[in-house]
Amino acid sequence: MTSPSNKTRLTEAAYQCLPGGPLDVDKEFYDKVAATASTEPPLRTVVESFVLPIRSGKAWEMRKGDICRIVAVEGAQVGDLNIWSLHNPRERFWASRTRQLQRAHVSVYDRLWSTLPYLRPLVTITGDSLKDYGVDGSGIDAEGGRVHDLLGTRCDPYVNRMLSGEDKDYHCHSNLTRAILPYGLTEFDVHDVLNVFQCTGLNDKDQYFMKTCPAKKGDYFELMAETDILCALSTCPGGDLSKAMWGEGSSETTNADPTLECCRPLGVEVYRLPDGWLAGLGWKEALPNGPMYKGRHALREVAFTPSASADIAG
Ligand SMILES: [Zn+2]
C-alpha cells in the first residue's frame, strides 16, 4: 500500500529545488537586480533599444550581466524568443528541460537552461508585470491558462502548409530564420521557443490550448544574461492569438488575413549595469555543468593494433 506521504511525493516536483542546491536561486540578489530599473540616479545604461514591427524578427547580442526588457508597447502581442550562447550556437536554450527544472510557464526567478552537453542557465528572469496573472494572483486563470508558455513552440510554414494548404512566409520560425542570418545561422539553429506573453494550458483531454494574450500596453518581461548570449525575437503573425490561425474559426471569415488586426509591435531594450556592480554582489558568470560529468557514456576505447604484415605499398 502507498503511504500518504509517498502519495504526496509522487505529485511533488520531480526536480526538487533544495536550499543551497544547484536549482536554488538567490532571490535577494535578483530582487536587487530588478530594483535597478528604478534607481535614482539610474544605474542602468541603455545599450540597445528598438521596436520590432509586426510579423518580423530581429537578433541582438547581450553581454553577461546585461538585462533585457521585452515590452508590449502597443498592447497584447506574443513574442517567440530563442537564445544561444554567443560564442557557440550549438549551446542553445532547451525548452523541455527548462520545463522540468523550472516549470511549464515561467516568471520571476525562473531560469532558461541550455542544451547538453553544456547545461547552464543562459538567463534568469528578473521582471514580469504579469507575474500575478490569474485568479487572485495565483498564476492560473479560470480556464486553466498561464502566461509565458514553454509547452508549445513556434508557428512555422510547414505545419501551416500541412494544415491549411497555403504557403505563408512570416511565421515565427521564418522570422527567426531571417533574424539570425547576419550571425551565420540558419533555420536549423532555430529551436523551441519561450512564448513570451502567450497564455496557454492543457485542457481536460490533455490537449494544448492557446488563449488571447492578456498583456496590456506597457506590460513587460525582463531577463538577465548569465553568460554572453545571442537572442532572437519574432512578433508572432497570430498577434494576440485572439483568432485561430488554423482550423475552426480561421475558415469562418472571408477575410484573407484574419489575424492581421491582432498584430502589434514589441519593444526591446537592453541595459548594462556599471562595471563591477554585479560582481560586487557576488555574482559570477554561469559556467556549463557538462564538464563535471567525467564518464564517457560507457563508450570504451578500442586499442589500435598495427598489423605486423601490412604492406601498404602493395
Ligand atoms: Zn508565431
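Residues are numbered from 1 along each chain as its sequence is written. Because the model is predicted, local features need pLDDT of at least 70 and side-chain atom pairs count only at pLDDT 80 or more, while totals for chains, interfaces and linings use all residues.

Starting with the overall picture, the chain holds six helices and 13 strands, where helices (H or I, at least four residues) and strands (E, at least two) are DSSP runs numbered from the N terminus. Its C-alpha atoms fill a box of roughly 80 × 60 × 55 Å along the principal axes. Of the 314 residues, 38% are buried; a residue counts as buried if 20 or more other C-beta atoms lie within 10 Å of its own, exposed if 12 or fewer, and partly exposed in between, with C-beta atoms placed from the backbone. Two residues are in contact if their C-beta atoms, placed from the backbone, lie within 7 Å. Among the contacts with a separation of 6 or more, 73% join residues 24 or more positions apart.

An unreviewed UniProt entry lists residues 51-230 as "domain: DUF1989"; UniProt positions are given in the numbering used here, feature names are shortened, and annotations may be inferred rather than shown by experiment. Over residues 51-230 the chain is 13% helix and 34% strand, with the end C-alpha atoms 17 Å apart.

Turning to the strands, six of them form an open antiparallel sheet in the order β1-β13-β3-β11-β7-β6, where two strands pair if DSSP finds at least two bridges between them. Its edge strands, β1 (45-52) and β6 (111-113), each pair on one side only. From one strand to the next, the twist averages 20°. Within this sheet, β3 (residues 67-71) and β11 (residues 220-225) run antiparallel and are joined by five bridges, and R69 has E222 in β11 as its bridge partner. Helix α2 (residues 27-35) lies across β3, β7 (121-128) and β11, at about 60° to β7; axes are lines fitted to C-alpha atoms, for helices over the stretch in contact, and angles run from 0 to 180 degrees between N-to-C directions. Elsewhere, β4 (residues 79-85) and β5 (residues 88-92) pair in the antiparallel sense over two bridges. A hairpin of two residues joins β4 to β5, and S85 stands opposite N88 in β5.

The largest nonpolar core has 60 residues, of which I83, I229 and C231 touch the most other members. The largest share of this core, five residues, comes from strand β12 (residues 229-235). Such a core is a set of buried Ala, Val, Leu, Ile, Met, Phe, Trp, Tyr and Cys residues joined through C-beta atoms within 7 Å. Leaving aside residues up to four places away in sequence, C231 touches A59, W60, M62, C68, L81 and I83.

Helix α5 (residues 172-180) is largely enclosed by the rest of the structure, because eight of its nine residues are buried. These are C172, H173, S174, N175, L176, T177, A179 and I180. The buried residues of α5 pack against β2 (57-62), β4, α4 (157-164) and β12. In the loop between α5 and β9 (194-202) sits E187, which is partly exposed, with 14 other C-beta atoms within 10 Å. Not counting residues up to four places away in sequence, E187 touches H173 and T177. E187 and N175 are twelve residues apart in sequence, and their C-alpha atoms are 9.8 Å apart in space.
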